[in-house]
Amino acid sequence: MELAIRPTKKNGKKIWRFRYYGLDGQVKFLSDKSKSALEVLAKEKINEIGLTKTSSSQIFLSEAWIDFCQHLDYKISVGKMAKGTKDDYMSFYLNHIIIFFTNSDIRLIDKHKIHSFIEYLKGKIRDKKFNSNTARKIFNTMSLILEHQVDIDKLGRNVCDDKNFLKTVIAPKKKVVTIDFDEWSLELIANIIQDINRPMVRLMCQIMLETAARPSEVRALDRKSLLFKSNVPMIRIDKAVKKGKHIGTTKTENGVRTLAISTKLKDLISDYVNKLPSHQDNLFLNNKGKFICVEQIIRGLERALAKNKVQLPIDRKSYFFRHYTATYWAYTKKHKENAIDLARDLGDKDINFVYENYIKPFKNNANAVENIEYQNKHFNWS
């Protein structure tokens, strides 16, 4: 077996270098001043991660991962995927997939091996290492790696598609958190926001409360997002701040939307924008010219909550305003129980999710007025 060991120079001195791909799909090197010593190291590395091919038809898992990463990089480059999504795939691959399967020939992975993988994931759930939803994501990542090999005609079939392997990985039904608007009135929420000390954070929360926009979408607003010239002031949401603080697309394809806001909020935004440097296009930047962090929004909200001695009814502080407003829209029937229109204003593509989480909890009381009239007519207690 001939190893790809080549001479090079380091600090003006000749050394030998062996180039290989690691299990994470990244190019790595081994080097030594002695070629024979490097050959020993290279062979040990090959034995460790299985880089040696005895047949051109073999497809090692690390190779399939490299191919998959290149596909992900392409999707990122054309704006079809956020870098954070690739980071999640990378974590699932390095921490679970390559550890369980090792760097084996993926052609030899059969349904028995997949069943064993499912049992491995269920064991992690029992040990509370992660929940069933994460287990499903890890399995689906493995399936996507194999499916890409099928797509590029290197693999005949994706064994993960042979049957419903996830049938025994039961995801608990997500509990719908309803909001008691007698306790959590719109006036109370507005007062809490007023107690946020930092004007920038306060205004961002006011925008999220009126529009139900995601924090990443509000952080990405710029001057062009403000459509204030007509009689109906509107905000255009068409981008978001992604992981790594760069501008990208909205979370879903339906995320691009234009929403009407109150004239009062328009005035608050206009006053804020008039105080910005004339050359600053983005609305919400920190003192280093970077997009403001979500953590700063959370800290501002937490201090205001502490001042008011209240605790939010849901855990995700950064998404509280989105959930609150979506629920409030459903409660006040802004969209007349139309899940499609509500999903449109939320920039959400999952109509069923919108219906189950926002409309359905209030649908049971839709005929309350008619019902009380019926009760009064037929039951006349003395």
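Mentor: Begin with strand β2 (residues 13–21), which runs antiparallel to β3 and is joined to it by six bridges. Strands of a sheet pair through backbone hydrogen bonds, either parallel or antiparallel. A pair of strands here needs at least two DSSP bridges. Strands (E, at least two residues) and helices (H or I, at least four) are DSSP runs, numbered from the N terminus.

Mentor: A word on the source: this is a predicted model, in which local features need pLDDT of at least 70 and side-chain atom pairs count only at pLDDT 80 or more, while totals for chains, interfaces and linings use all residues. Residues are numbered from 1 along each chain as its sequence is written, and side-chain values use heavy atoms, leaving out hydrogens and water.

Trainee: Which residue in β3 is the bridge partner of W16?

Mentor: W16 has D32 as its bridge partner in β3. Y21 also faces this strand, standing opposite V27.

Trainee: How many bridges join β1 to β2?

Mentor: Six bridges join β1 to β2, and these strands run antiparallel. β1 and β2 form a hairpin with two residues between the strands, where N11 takes a positive phi near 55°.

Trainee: What is the order of the strands in this open sheet of three?

Mentor: The order is β1-β2-β3, with antiparallel pairing. The edges are held by β1 (5–10) and β3 (27–32); each has a single partner strand, so one side of each is left without a neighbour in the sheet.

Trainee: What about an open sheet with β5 in it?

Mentor: Three strands form that open sheet, in the order β4-β5-β8, and the pairing is antiparallel. Here β4 (226–227) and β8 (257–260) stand at the edges; each has a single partner strand, so one of its sides lacks a neighbour in the sheet. β5 and β8 run antiparallel and are joined by four bridges. Within β8, L259 is the bridge partner of I235.

Trainee: Now the aromatic rings. How many aromatic pairs does the structure hold?

Mentor: There are 18 aromatic pairs. Rings of Phe, Tyr and Trp (its six-membered ring) pair if their centres lie within 6.5 Å, and planes under 30 degrees apart are stacked, over 60 edge-to-face, the rest tilted. W65 and F68 make a tilted pair, 5.9 Å centre to centre with 50° between the planes. Both belong to helix α2 (residues 61–77) and are three residues apart, about one turn of the helix.

Trainee: Is W65 buried or exposed?

Mentor: W65 counts as buried because its relative accessibility is 0%. Buried means under 20% relative accessible area, exposed over 50%, partly exposed in between (1.4 Å probe, protein chains only). F68 is buried too, at 4% relative accessible area.

Mentor: Next, F117 and Y120 form a stacked pair, 6.0 Å centre to centre with 10° between the planes. They are three residues apart in helix α4 (residues 111–126), so about one helical turn separates them. Both F117 and Y120 are buried.

Trainee: Which residues do ring pairs link into a cluster?

Mentor: The cluster is made of F181, W184, F320, F321, Y324, Y328 and Y331.

Trainee: How many residues of helix α11 are buried?

Mentor: Of the 12 residues in α11, 10 are buried, so the helix is mostly covered. Among the buried ones are F320, F321, R322, H323 and W329. After α11 comes K333, which has a positive phi near 55°.

Trainee: Which residues touch the most other members of the largest nonpolar core?

Mentor: In soluble globular proteins, nonpolar side chains tend to be buried together. The largest core here has 41 residues, and I207, I269, F284 and F321 touch the most other members. The elements giving it two or more residues are α6 (186–194), α7 (199–211), β5 (234–237), α9 (263–274), α10 (294–308) and α11. α7 gives the most, with eight residues. A nonpolar core is a set of buried Ala, Val, Leu, Ile, Met, Phe, Trp, Tyr and Cys residues joined through side-chain atoms within 4.5 Å.
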